Amino acid sequence: MSTSKKISKKDIGKILSQWSQEFTVLVPSKEGNVSKMARWDGKDTRFMDSHRNTVHPVKANFFPPMEEMFSFQKNKEGYHIEPAPPDEHKLLIFAIRPCDANALAILDMAFKDGYEDPYYLSRRKDTVLIGLGCTNPYDSCFCTSMGGSPSDSTNVDIMLTDIGNEFLIEEISEAGKELVAKTEDLQEAKKADEAKAKKVKETSYDKVTRKIDTRDIDKKLLACFENKDYWEKVSAKCISCGICTFLCPTCYCFDINDDSFKKRGARFRSWDSCAFPVYTRMPMENPRGEKWRRVRQKVCHKFEFFPMNFGSIACVGCGRCIRLCPVNWDITQTIESVPEIT
Amino acid sequence: MNQESERKPRILGFLCRWCSYAGADLAGTSRKKYPANIEVIRVPCSGRVDPLFVIKALRLGFDGVLVSGCHPGDCHYQTGNYRTRRRMAITKKFLEYVGVEPERIQASWVSASEGGKFAEVVTKITKELKEIEPNRLFDDEE
Amino acid sequence: MTVTDMSQGKRFFASENVYLPHIAIIEKVIDETPGVKTFHFNFKDEKLRKEFSFKSGQFAEYSVLGVGEAPFCISSSPSRSDHLEFATQQVGKVTNALHRLGVGAEIGFRGPYGNGFPLDFLQGKNLVFVGGGIGLAPLRSLIWNAIDNRDKYENIDIIYGARSPDDLCFKYDLDTWDKDKTINIISTIDREDKSWSGRVGFVPKVLEEVAPSASNAVAIVCGPPVMIRFTFPVLIKLGFTPEQMITTLEKKMTCGIGKCGRCNIGNLYVCRDGPVFTYAQIKNFVSSEY
Amino acid sequence: MKNSEIEQRLRQEAKALLEQGKVDCIIGYETGSLKFTTTPLITRNKDDVERLIVSPFIVNNLSVYLTEIKGKVGIIAKGCDSRSIVNLIQDNKIAREDVVIMGIPCPGLIDLNKIELSLGKDRDELDNVTRDNDRVVITIDGKEKDFPITEVLFDNCLECEFPTPREYDVLLGEPCAPVKSEVSKKTSIKELEAMPRGERWNYWKEEFSRCIRCYACRNVCPACFCQRCFVEESEPQWVSPTPKWQDNLMFQVTRNIHVAGRCTDCGECERACPMNIPLRSLTKKMYDIVDEQFHYKAGTDKNASPLLTAYEAAEVEDFIR
């Protein structure tokens, strides 16, 4: 490994300014007290003080709650279709948490598979992810059970580790290496800094106390697919709202709808959720009209179907669904309670 | 200024088929003069009008909404208009609180024989709506 | 083959945007039954009109711009290509809007999507078509395809039913097939009706009575979910193996390309991995998810 | 009576109900999977009743489950919850004899969001939170901090009129008095009313541009019991499924009008909202309008006709021409 760099926390604004020349820099921000990744205002770096993780997962920056796909107008020759202008921002996301970066890798698979999704992929293209290791994970976090960790750098370009007054900077990808090379104001890290970072990573790992066992979970879920009693029990307190799916960093279901305005019309894509009965409702019947079927779909999609199709569980253990659920429906409890194969 | 006075606010009227619709008809056949800017939806009873309809009309860009039914005690279905009264009372108050001008939410009792009253109501509402801005509440789209 | 020519509008980003519809023009509207219409259409773009190709059993997303999109199979046969057809029942927002359209109206079209029927696998086999109601639409595409390539297939049996004589779709086809000595067609209706002299009974029951041989045969089933559910056990009784039973499924499908998430049966997406499945593929989930 | 004593009585009561076959199912609260959090316990098993708890964090309005559970149900209800149950009875969604209401006088629940905001710490970073009459003591990093309840209870609890259930089969604990404190937060109704009308509209426009249409507000609401909500209708399509602020606002305003006279100010919609939209500034206003105009308080009389199906011959009419 090459020698790493470091930067003083008070100089963060300097490197963000440099990066802003080339990129649209997104940092953890608050809007109406709801945190999300949003464009850096160019000055304030206080966002770092309270950033544990954002309410909006980073997916919202690539796959927003709603987006216009194209618009159309009718004239004498008939309909004219105008695709939404491409998003040409080159994004740099600063202080993305390892779980959210891993989630993007999962979304990449889904949106690249078969027909490519131009909206997601055009925004995602050339994005630079600056990861920030967690030193204070939530009690709802369970990344270490999902193949990640508070310092997992697999899917970021540059990894930052909080070593007190400074961040240790590790180049992870080629893009990361290039960016570090042309960034000014970085200092060489000392052996002691690297040792400190190693210690921080170890301590953080142990701070994630929520653990689940996902061995053979796909097989166990397949075996209990028809176990209505189990699924009814598990789903009893679910209120079928969309919070856990909308704010899940790996959920990517959507709906497409048209709208007409005075002069033109447009087709929009918006988030949709398998928790809603209307999601699968057809005029004559609904294959998932009952709550237990919907909860089963949610759990099985993440832990059985997605792994069957892509070889990876579609959950990164960010814990948002547990933190934000109005009734404290806890996916880790569900996974732990899936019956053993008899 | 002249242009402003020429402006014709769009009004959507939900008229009860037993009284107000007939009243509007009478206003027409008896050549009562009233502004031609009201579009009418005939409803079986003013009680059919869900406040949702009123809000949808505003969403669609109508400047004002008129819900009109039979006078109290005259409802063909005994109590429909009483229910309308309660519903419209809270709808008007609530929408005003959210930020909708009260002039946009209108209600009236017009019987089948009150062609004159109908013309008068529409004239008055039109005048009031002319005094406020056109409805751009929901309208930030082209 | 997938058509990737984006004839209208600019090319979107680097790759083509699969979500942009082509514009097609309705050329003919046929009233099939009360509530079901068949639409004949063609692409507005000349080049696409020539280059477009599809397989029997594939579907597309049709839209009335400003109202929305809905998926229907292409009900015409690739062997008859001067125009395309789809049939739909009037059941919701988009289909209501479609049914209001007349000749000359423009609609949006994305597709073709899905796998289509496995023609290679079907060649040289006895084909047993089991259809109900508007479920004949996808079968019809394959039936015409088979008739136009008659030497490639052995016996063709068609068992088709509807609620009443009025609900039988594609009556003009049924008449033609009835006269065709090389195929055997049995139509049935659910309940007795004065105007009906043919068979009476639900499709699965009639299938059991007719009892086509499973030897070197493939059953191709399409109809309302309840009919499909009751047809599988009958076919098994008749000796069909799960690999010999093919169905084409209908689900709510928004994107058509396996992304929006709602049409799955287990890990399979009806739009991407189907809509044509063998019973072997879906039997794990079929009892509870379909 | 202490919570621990109430808990003991509650468990005995619930167990007896199940054992004697008086109910098929018990709905209560158990300890949640996160710090301080409680979660609904829905069970048909008498051994599970040992998990039932009572605490200052029993936020959920459990009556939301009543319309979907079959059979007779024993349910734990705070003051506001009991009113929601009465609503359901008034609206013929459930029969009075099918529920056994175990009422709990509720001195107000602790709003962890308020604590988080004032301390700049998340709930899982707090060591302990305890209620001691008019104070709430929060332990953080080993140090105790004292808050008056007016700063840390939910707004709707501070303004609660009926903390003690009005309708119950058994009351666990002694009746308690309302806190009756003025709520003083940025988005109070008074402040909104003081704004010019256009500004008010823009305020809501701003707030609802955050809405992601997860429908948590609707789904936690016991008054929103429609099988099919108007937002899910497609023919005609009243509201676009695309979460534009216009449609978000239209949805919420209409929802408020639809639940007028059913909203008991339980505050669940605002608490559930992940986008932090001050929904109670809408629901409470409607609650007040209903009270002022018709002297009607939702869920206080199971024999009364629901607000919007009843009338009096002489009633507010000044707005009608």
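This is a predicted model: local features need pLDDT of at least 70, side-chain atom pairs count only at pLDDT 80 or more; totals for chains, interfaces and linings use all residues.

User: What's the strand order in the chain C sheet?
Analyst: It goes 4-3-6-1-2-5, an open sheet of six strands with antiparallel pairing.

User: Which strands stand at the edges, then?
Analyst: Strand 4 (68–73) and strand 5 (84–89) of chain C. Each has a single partner strand, so one side of each is left without a neighbour in the sheet.

User: And how many degrees are neighbouring strands turned against each other?
Analyst: On average 40 degrees, direction ignored.

User: How many bridges join strand 1 to strand 2 in chain C?
Analyst: Eight, between residues 22–33 and residues 36–43 of chain C, running antiparallel. In strand 2 of chain C, C:Phe39 is the residue opposite C:Val29.

User: Switching topic: how many residues does the contact between chains C and A take?
Analyst: Chain C puts in 39 residues and chain A 40 residues. On the chain C side, strand 4 and helix 8 (279–289) each supply at least two residues, and helix 8 of chain C gives the most, with three. By class, that side of chain C has 15 nonpolar, 14 polar and 10 charged residues.

User: What about chain D against chain A?
Analyst: That contact takes 32 residues from chain D and 36 residues from chain A.

How values were computed
Residues are numbered from 1 along each chain as its sequence is written. Chains are lettered from A and ligands numbered from 1 in the order in which they are written. Two strands pair if DSSP finds at least two bridges between them. Helices (H or I, at least four residues) and strands (E, at least two) are DSSP runs, numbered from the N terminus. Axes are lines fitted to C-alpha atoms, for helices over the stretch in contact, and angles run from 0 to 180 degrees between N-to-C directions. Two residues are in contact if their C-beta atoms, placed from the backbone, lie within 7 Å. Ala, Val, Leu, Ile, Met, Phe, Trp, Tyr, Cys and Pro count as nonpolar, Asp, Glu, Lys and Arg as charged, and the others, Gly among them, as polar.
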